[in-house]
Amino acid sequence: MKTVFTRTPTLKDCPTHYCPGCGHGIAHRLIAETIDELGIRGRTIGIAPVGCAVLAYNYLDVDMVEVAHGRPPAVATGMKRTNPDKIIFSYQGDGDLAAIGTAEIIHAAHRGEQITVIFINNAVFGMTGGQMAPTTVLGQVTATTPQGRQTTSEGYPLQVSELLALLPGAIYVERCSVYNPAQIRKTKKAIKHAFELQVSGAQGLSLVEVLSPCPVYWRMTPVKAMEWIENEMTKVFPLGRLKG
Amino acid sequence: MSERILMCGNEALAEAAIIAGVDAYFGYPITPQNEIPAYMSRRMPEEGRVFVQSESELAAINMVFGASATGKRAMTTSSSPGISLMQEGISYLAGAELPAVVVNVMRGGPGLGNIAPSQGDYFQATRGGGHGDYRTIVFGPSSVQELVNCIPLAFDLADEYRMTVVVLADGILGQMMEPIVLEKKPRRKLPAKDWALTGAKDREQNIVRSLWLPEGALEKHNYKLKAKYEQVQKNEVICEQYEVDDAEIIVVAYGVAARIVRGAVNKAREEGIKVGWIRPVTLWPFPTEQISKAADELRIFLTVEMSCGQMVEDVKLAIAGKAPVVLYGRPGGSIPTVEEILDKIKQLTIPTKRAK
């Protein structure tokens with residue numbers, strides 16, 4: 001029998017703690033494949049965020065650190081500046097990157113830190129129970145917007161990637177999604193490109209935003225959640241390359 | 001370098017850190033320690049090492065966290081309000097057992113306070129400061145030379161015990177110029193940093209973490225930290241004593257306040273008053289045993305601090321009711337004078353005993 005698909009070595013062979021239909025597993029696999037394809041496992045250091053992906057090191061078989069909420073870009077700065085030969089990536093959710101860590105990501109990009117950021121946007125705080133995130137779309141019901149997000153009290157969804165793309169220090173910014181196999185392939189290409197830039201010594205920060213499903217806190221089936229990304233979320237967060 | 005040179009405390013401690021092998025310095029401007037980042041911005045690149053001016057103290061301590069997680073010697077410096085912002089990171093450093101050196105050139109508080117020298121951050125430094133069950137080693141140097149001397153020791157202790165070492169200076173020490181000798185000292189025998197994140201080449205992955213979710217796992221981790229802190233308490237206390245043996249009054253003070261106390265005690269001795277002093281150099285671990293032992297004789301203790309009274313609580317804990325403890329504190333950036341302390345000592349003299 002011919003093997004047409006197999007687990008990539010950097011993705012550990014273990015049961016997942018993520019909910020059914022969650023997008024983190026897909027994103028983890030794409031990162032693991034990238035690391036293996038580029039042959040950089042032995043010099044990669046990953047940063048896990050506070051949030052559901054805090055246990056990312058249980059799946060990604062590289063050196064990893066767990067850091068305070070929102071601070072991965074600062075930690076990555078400390079790592080990369082002292083270890084220019086290492087490949088440093090942070091894996092951050094929307095609460096981490098777009099709320100509490102807004103200053104850290106803006107300034108890491110502003111300084112042109114040579115790091116790679118994988119930004120998982122699922123429009124909600126997952127681990128704490130589905131509260132509103134800065135990226136929650138208008139009308140979306142969450143644990144803290146029971147009537148749906150309204151501009152008058154909660155403001156507008158925050159498009160961090162667009163903000164970052166304005167900064168000269170951010171050399172590559174792309175928004176992707178994982179709502180169907182074609183999009184997953186595009187996301188893989190983007191993640192690989194972001195890592196390749198760092199490997200090649202490109203002078204600046206590379207970021208890939210991934211629109212990712214959270215069926216549990218969107219109160220949808222996994223299939224409906226994928227459809228919601230395609231039909232609703234992409235209206236607020238259009239896919240495509242924003243920079244680079 | 002072994003000749004005597006004249007340097008202000010801030011620049012002297014920065015150079016001492018370079019001599020001690022600091023790989024990376026991260027900092028954010030705040031008075032009265034601005035000479036440190038300015039000095040480092042010039043000297044670190046000269047040495048081929050890392051200097052980054054961060055966007056905040058939060059970022060600075062997390063940059064330290066990142067560099068330290070890869071096994072590098074990293075430090076940051078700030079002053080009181082900035083140190084408050086760093087407490088989150090210091091708690092994470094404690095949880096993840098990462099070495100770090102943090103210098104606090106204290107100023108008056110609370111809030112924005114002022115930019116005058118103070119000792120108002122004693123509680124914050126010696127009680128951990130951030131959330132959770134942890135300790136930091138704290139030095140309270142009282143001269144620029146001692147400030148310089150404690151820097152290499154701070155890096156060694158940080159590496160040996162994998163914890164944060166806080167150097168608690170103040171605006172006077174930071175700004176004051178004194179003659180110093182800068183010398184490279186041999187490092188302690190330090191354990192290999194086999195836990196560091198260096199890329200999992202030809203080995204299993206390393207994970208640096210502070211999250212322990214399974215039932216009982218964090219308790220076990222806390223006990224491990226506790227055992228380490230007990231070793232520090234057992235082995236690393238530094239304390240100076242002067243004219244304690246025949247003293248009826250013992251003045252306890254640290255840092256710059258201890259220098260003023262020294263002057264007051266000398267004057268009091270000239271007047272025939274039997275007074276001595278004890279000066280904790282490490283504020284945590286605190287010289288509990290030394291102070292407790294001194295309290296076995298019939299004596300009065302006077303604690304002098306540039307605060308409303310913080311270290312006095314540790315003095316009282318050490319003495320455990322065996323002797324009276326009086327406080328003389330000047331908060332808000334005010335500095336006690338030799339005369340004020342001398343007056344206080346005189347008020348405490350026991351005329352009947354002195355007459356003997």
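## Strand pairing between the chains

Two strands pair if DSSP finds at least two bridges between them. In this predicted model, strand S2 (residues 63–66) of chain A and S9(B) are joined by two bridges. The strands run parallel. One residue pair can be named: Val65(A) has Val208(B) in S9(B) as its bridge partner.

## The side of chain B that touches chain A

The contact between the chains involves 35 residues of chain B and 29 residues of chain A. On chain B, the elements that give two or more residues to this side are strands S2 (24–27), S3 (50–53) and S9 (207–208), together with helices H3 (57–69) and H4 (80–96). H3(B) gives the most, with nine residues.

By class, this side of chain B has 18 nonpolar, eleven polar and six charged residues.

## Two domains in chain B

Chain B splits into domain 1 (4–235) and domain 2 (241–355). Their C-alpha centres lie 29 Å apart. Across the boundary, 26 residues of domain 1 of chain B are in contact with 22 residues of domain 2 of chain B.

## The domain 1 side of that boundary

Five names cover the elements of chain B that give two or more residues here: helices H5 (122–126), H7 (171–175) and H8 (217–235), and strands S6 (137–139) and S7 (164–170). H5(B) gives the most, with four residues.

The side of domain 1 of chain B that touches domain 2 of chain B divides into 13 nonpolar, ten polar and three charged residues.

Definitions and conventions
Residues numbered from 1 in each chain as written. Chains lettered and ligands numbered in written order. Predicted model: local features only at pLDDT ≥ 70, side-chain atom pairs only at ≥ 80, totals over all residues. Domains from an automatic or database assignment. Contact = placed C-beta atoms within 7 Å. Nonpolar A, V, L, I, M, F, W, Y, C, P; charged D, E, K, R; others polar.
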